[in-house]
Amino acid sequence: MTAVPLWAWAATLAVLAVLIVVDLVLTRGPENGLRAAAVESALWLAAALAFGGVLWLWRGPAIGGQYLAGYLLERALSVDNVFVFVLLFVSLSVPAELQRRILFLGVVGALVLRGVFIAAGGALIQHVSWIFYLFGAMVLVAGARMFRSGEGGSGDNLAVRGLRRVLPVTEQYDGGRLITRLSGRTAATPLLVALVAIAVTDVVFALDSIPAVFGVTRDLFVVFTSNAFAVLGLRALYFLLAGSADRFVYLKPGIALLLVFIGVKMLLYDVVHMPVWVSLTVIAAVAAGAIGASLWHDRRVRPLREEHRDEEHQHQADEPVRT
């Protein structure tokens, strides 16, 4: 692993902090429309690509290519997070006006947690060489499990149930508060439950995605920055895709295929040397293919769904009114 000077780490963290503040200021209004989400998502994509360009010029095409491959992989894997977030928000009845705040806090928390995971993973790989193959096996198993079950992780698990045991949880939201008072006792609001669920969900996904990106590059700076830009663009991606999650039917098999590919690549690291452009091409092709196939499938079945819906409405209209 090539050492990156401390000034580069400091400058990068400062840039990320500025981008977070700018994003927070620009999106502090109540507007969560599709157009605003598309603009915000495009700006985060532009920022990620611009950083990749700087990295390309600074450290060369090889590192620049690793960053781009890592970013595309993390971006593809983060889409699965979005679909789980949709289910969490529906199950917890999180009001639309509070979803943006929860996602912001969740994204910042995820960035810190992933930084810790990446540092720990890098140290393990450096000092315990065989751990890299364990990571590869974890990624391969995650991909196979996703193929078999078609399900992702869920954040509403032991951590959420543990929170409910430590603190009473109110039935109603108290504005934007995470903690409130209930009959003179400190109590958690459903908003805190949602935040914990989001945080735990990202930890579950990070256990798959961070080992996967180590299969693209072992450079800690590249691993962290590719993760950071993918995670920071997650909030905008949520509002862009939340209303159309059911359209991307082939995205989960595509993500599973990517995980299997990276897992096999890691396990064969000492046997087959695969240039970074091969990984980049496979990741881009699988992600684009899954999205394209999903949109093609949706275009085919949408007229059938609309026709079936119209027939149901007509049938209900034709039924006599009983008195």
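Biologist: Which residues does Thr12 touch, not counting residues up to four places away in sequence?

Modeller: This is a predicted model, in which local features need pLDDT of at least 70, side-chain atom pairs count only at pLDDT 80 or more, and totals for chains, interfaces and linings use all residues. Residues are numbered from 1 along each chain as its sequence is written, and side-chain values use heavy atoms, with hydrogens and water left out. Thr12 lies in helix 1, residues 6-26 (helices, H or I, of at least four residues and strands, E, of at least two are DSSP runs, numbered from the N terminus). With contact meaning heavy atoms within 4.5 Å, the residues that Thr12 touches beyond four places in sequence are Phe51, Phe221 and Thr225.

Biologist: Is Thr12 buried or exposed?

Modeller: The classes rest on relative accessible area, where buried means under 20%, exposed over 50% and partly exposed in between, with a 1.4 Å probe and protein chains only. Because its relative accessibility is 6%, Thr12 counts as buried.

Biologist: Which class of accessibility does Arg101 fall into?

Modeller: Arg101 lies in helix 4, which spans residues 96-127, and it touches Gly176, Arg177 and Leu191 when residues up to four places away in sequence are not counted. Its C-alpha atom is separated by 9.6 Å from that of Arg235, 134 residues apart along the chain. Since its relative accessibility is 38%, Arg101 counts as partly exposed.

Biologist: How many helices and strands make up the secondary structure of the protein?

Modeller: Along the sequence the protein reads α-α-α-α-α-α-β-β-α-α-α-α-α. The secondary structure therefore comes, under the DSSP runs, to eleven helices and two strands.

Biologist: Which element gives the largest share of the lining of the largest pocket?

Modeller: The largest pocket holds about 470 Å³ of space, and of the 23 residues that line it, the closest to its centre are Arg75, Ala76, Val79, Ala287 and Ile291. Here a pocket is an open set of points on a 1 Å grid over the protein atoms alone, where a 1.4 Å probe fits and protein lies on both sides within 12 Å along at least five of seven lines, and lining residues have an atom within 4 Å of a point. The elements that give two or more residues to this lining are helix 2 (34-59), helix 3 (61-91), helix 9 (234-241), helix 10 (251-267) and helix 11 (276-318). The largest share, seven residues, comes from helix 11.

Biologist: How do the residues lining the second largest pocket divide by class?

Modeller: The second largest pocket has a volume of about 370 Å³, and of its 17 lining residues, the closest to its centre are Val216, Lys265, Tyr269, His273 and Met274. Ala, Val, Leu, Ile, Met, Phe, Trp, Tyr, Cys and Pro count as nonpolar, Asp, Glu, Lys and Arg as charged, and the others, Gly among them, as polar. By these classes, the lining divides into ten nonpolar, five polar and two charged residues.

Biologist: Over which residues does pLDDT stay under 50?

Modeller: The protein averages a pLDDT (the predictor's confidence in each residue, from 0 to 100) of 78, and 85% of the residues score at least 70. The stretch where pLDDT stays under 50 is residues 151-156.

Key:
Grid points are joined across faces, edges and corners, and a volume is the space filled by probe spheres set on the points.
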